[in-house]
Amino acid sequence: MNEIFENIPEIKYEGKNTKNPLAFRYYDADRIIMGKKMSEHLPFAMAWWHNLCAAGTDMFGRDTADKSFGAEKGTMAHAKAKVDAGFEFMKKLGIKYFCFHDVDIIPEADDINETNRRLDEITDYILEKMQGTDIKCLWGTANMFSNPRFMNGAGSTNSLDVYCFAAAQIKKALELTVKLGGKGYVFWGGREGYETLLNTDVKFEQENIAALMKMAVEYGRSIGFTGDFYIEPKPKEPMKHQYDFDAATAIGFLRQYGLDKDFKMNIEANHATLAGHTFRHELRISAINGMLGSIDANQGDYLLGWDTDEFPYDVYESTMCMYEVLKAGGLTGGFNFDAKNRRPSNTYEDMFHAYILGMDTFALGLIKAAELIEDGELDAFVEKKYESFNSELGEKIRSGKASLEELAARASEMKTCKTPQSGRQEYLEGVVNRVLFG
Ligand code: XUL
Ligand code: CO
């Protein structure tokens with residue numbers, strides 16, 4: 001087998017002072033943090049689509065990077081070359097997982113039967129490559145947004161024919177996910193939403209999406225898929241209004257349709273900020289509802305109003321993310337770099353620099369989040385903030401045994417109410433800086 005990334009060695013941990021651009025400064029796979037190896041805290045995944053397929057095309061210009069990997073694009077030979085490139089890439093970086101859409105791994109044919117045959121062939125090849133490695137699939141998904149048939153949605157389409165194609169793609173993608181040992185299956189509702197209510201029956205569309213998800217759960221369980229289904233919330237783009245706006249909306253939807261036992265959230269940082277939330281907020285809302293499943297690790301740009309899918313470099317954000325993850329007891333899924341190089345970063349080396357940056361950013365975030373937790377000042381503050389509820393009446397409220405009359409009587413006795421204690425936000429922000437920067 002010819003090496004594809006010829007001048008790139010295996011990437012090793014060299015410590016924070018290294019100037020070697022092809023080494024980790026913080027990601028030290030075997031280092032123990034809070035009783036667990038870094039590699040167990042951080043199951044990183046390669047996103048097939050950005051890393052092996054996307055080559056820089058945007059609305060204003062064509063590819064800048066060469067991702068042919070020595071084969072003619074649009075052929076099965078190219079699909080296989082991508083597998084070779086992907087496995088060499090993951091091995092060199094010590095990445096143990098990949099995520100894929102059906103159409104990332106093969107060129108889609110006109111006839112779905114031929115598409116499925118190609119999917120069988122390529123996943124046989126991927127399985128072969130997996131042998132003798134500990135690389136597995138983190139999650140699979142069906143791309144139900146690129147093909148023109150999905151212009152009015154997949155589960156939310158007006159066309160019964162399109163709905164059947166969506167079902168067929170999910171069925172196949174689930175089979176492939178099981179075949180490749182996938183831990184999860186993702187629904188990202190890219191076209192599940194609307195542009196205008198003038199032509200949209202929202203209730204009808206949401207019920208149909210739920211029905212499709214229900215069929216997916218039934219089929220998945222019937223073929224031995226024991227992992228989690230995930231919704232990946234995003235408020236907009238490509239649609240103006242997307243039904244899975246944010247974690248709270250998606251969780252409400254899942255509960256309404258009885259899907260909450262099989263589904264969790266796959267939270268993407270850039271989607272959180274598009275919804276007007278912090279990444280951290282979305283993680284907390286998922287965690288307190290028992291639905292923190294997996295993460296699409298990337299970063300948006302606060303000056304741009306779209307999904308820029310940048311590789312994460314902001315250590316403050318990754319620290320806050322890892323703080324939430326550690327507090328939640330870890331992820332059942334992993335950290336998928338749903339991120340792409342900037343268009344002018346168009347060489348093979350840039351692909352490695354991007355992953356080294358992302359992995360180091362999360363490793364440093366993990367180190368700092370553990371320090372914040374071990375420091376204990378934030379936790380102690382929050383505990384004290386609510387201490388007035390550590391009283392007989394507080395217990396009664398917490399256990400649902402209090403009544404409005406009783407509380408009103410207490411207020412009436414007090415006559416006037418004291419202002420509660422300060423929230424001390426600025427002080428606490430200083431605490432974070434002390435732990436982060438010493
Ligand atoms: C799009 C996005 C997708 C999903 C998988 O914004 O994040 O790549 O992660 O379909
Ligand atoms: Co994503």
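**Figure 1. The two domains of the protein in the predicted model.** The domain assignment divides the protein into domain 1, residues 27-375, and domain 2, residues 378-437. Taken over C-alpha atoms, the centres of domain 1 and domain 2 are 39 Å apart.

**Figure 2. The contact region between domain 1 and domain 2.** On the side of domain 1, nine residues take part, and they are in contact with eight residues of domain 2. Between them, domain 1 and domain 2 bury an area of about 830 Å². Carbon and sulfur atoms give 58% of this area. In domain 1, the residues that lose the most area to domain 2 are Tyr-316, Leu-372 and Asp-375. Together, these residues account for 54% of what the domain 1 side buries.

**Figure 3. Polar contacts and salt bridges between domain 1 and domain 2.** Four residue pairs are in polar contact between the domains, counting pairs with both residues at pLDDT 80 or more. The count of salt bridges between domain 1 and domain 2 is two. A close-up of Lys-327 and Asp-379 shows their side chains meeting in a salt bridge, with an N to O distance of 2.5 Å.

**Figure 4. The residues around ligand 1.** The shell is made up of four nonpolar, two polar and six charged residues. Trp-49, Trp-139, Phe-145 and Trp-188 are among the residues around the ligand. The shell also includes His-101 and His-271. Further residues around ligand 1 are Glu-232, Lys-234, Glu-268, Asp-296, Asp-307 and Asp-338.

Figure 5. Taken alone, ligand 1 exposes 290 Å², and the protein buries 93% of that.

Notes: Residues are numbered from 1 along each chain as its sequence is written. Chains are lettered from A and ligands numbered from 1 in the order in which they are written. This is a predicted model: local features need pLDDT of at least 70, side-chain atom pairs count only at pLDDT 80 or more; totals for chains, interfaces and linings use all residues. Side-chain values use heavy atoms; hydrogens and water are left out. A residue is near a molecule or strand if one of its heavy atoms lies within 4 Å of it. Accessible areas come from the Shrake-Rupley method with a 1.4 Å probe; for residues, only the protein chains shown count as cover. Ala, Val, Leu, Ile, Met, Phe, Trp, Tyr, Cys and Pro count as nonpolar, Asp, Glu, Lys and Arg as charged, and the others, Gly among them, as polar. Domain bounds come from an automatic or database domain assignment. Contact means heavy atoms within 4.5 Å. Buried area is the accessible area (1.4 Å probe) that two parts lose on being put together, summed over both. A salt bridge is a side-chain nitrogen of Lys or Arg within 4 Å of a carboxyl oxygen of Asp or Glu. A polar contact is a pair of N or O atoms within 3.5 Å; within protein, one must be able to donate a hydrogen and the other to accept it, and residues adjacent in sequence count only if both atoms are side-chain atoms.
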